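Reader: I am new to this structure. Please take me through the terms used for it.

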Amino acid sequence: MIDLIFYVVMFYVLHLFLKMGFSSHKIPFVNFTHVGGDISNMTDISNRVALAADNLRQTLPVFLTFSVLSVVLDIENLLLAQIWFGLRILYLIGAILNLYTIPLLRPAIWVPSVVVLVMMGTNLL
């Protein structure tokens with residue numbers, strides 16, 4: 001589980017760099033380095049990745065809390081954590097490929113990831 005927690009944190013860091021990486025040909029690096037930098041020229045893919053990162057930030061604290069508690073309390077939540085991580089990877093791929101223009105595809109990936117978090121939490125009780 002500790003390895004998976006590390007991979008999830010690195011996945012979050014990847015989100016941060018993807019936003020900048022997909023727009024680096026249109027926006028100078030220095031504009032990403034301070035609050036007053038003009039990043040209004042971001043590409044569509046960078047905007048979608050930024051939205052995916054925002055979505056990840058909404059559930060990441062819950063996932064990390066449940067994962068750390070699973071380690072501390074010695075409760076087996078590894079499979080559920082792996083499923084959650086796989087769904088989050090699919091969510092990012094869907095954002096990059098602009099698949100969320102297809103109705104109900106986004107919730108078909110997002111809702112199961114929330115259900116998995118609930119299952120992880122109930123295992124801790």
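Author: Start with the word helix: a DSSP run of H or I with at least four residues, numbered from the N terminus. The model is predicted. Ile96 lies in helix α4, residues 78–96.

Reader: Why is Ile96 called partly exposed?

Author: Its relative accessibility is 23%. Buried means under 20%, and exposed means over 50%. The value of 23% falls in between, so Ile96 counts as partly exposed.

Reader: Which residues does Ile96 contact, leaving aside neighbours within four places in sequence?

Author: Leu18, Phe22, Ile45, Arg48 and Val49. Contact here means heavy atoms within 4.5 Å. Take Arg48: it is 48 residues from Ile96 along the chain, yet their C-alpha atoms are 6.6 Å apart.

Reader: And what does Leu92 contact, with the neighbours within four places left out?

Author: Phe11, His15, Leu18, Val49 and Ala52.

Reader: What makes up the largest nonpolar core?

Author: The core has 23 residues. Leu92 is among those with the most contacts inside it, as are Trp84 and Phe85. Two or more residues come from each of α1 (2–21), α3 (44–73), α4 and α5 (105–124). The largest share, eight residues, is from α4.

Reader: How do you know that the span of α3 is close to the expected one?

Author: α3 has 30 residues, and 1.5 Å a residue gives an expected 44 Å. From first C-alpha to last, α3 reaches 43 Å.

Reader: Where does α3 bend?

Author: At Thr59, by about 40°. A proline, Pro61, follows within four residues. After α3 comes Asp74, with a positive phi near 55°.

Technical notes:
Residues are numbered from 1 along each chain as its sequence is written. This is a predicted model: local features need pLDDT of at least 70, side-chain atom pairs count only at pLDDT 80 or more; totals for chains, interfaces and linings use all residues. Side-chain values use heavy atoms; hydrogens and water are left out. Buried means under 20% relative accessible area, exposed over 50%, partly exposed in between (1.4 Å probe, protein chains only). A nonpolar core is a set of buried Ala, Val, Leu, Ile, Met, Phe, Trp, Tyr and Cys residues joined through side-chain atoms within 4.5 Å. The expected span of a helix is 1.5 Å times one less than its number of residues. The bend at a residue is the angle between axes fitted to the seven residues ending there and the seven starting there.
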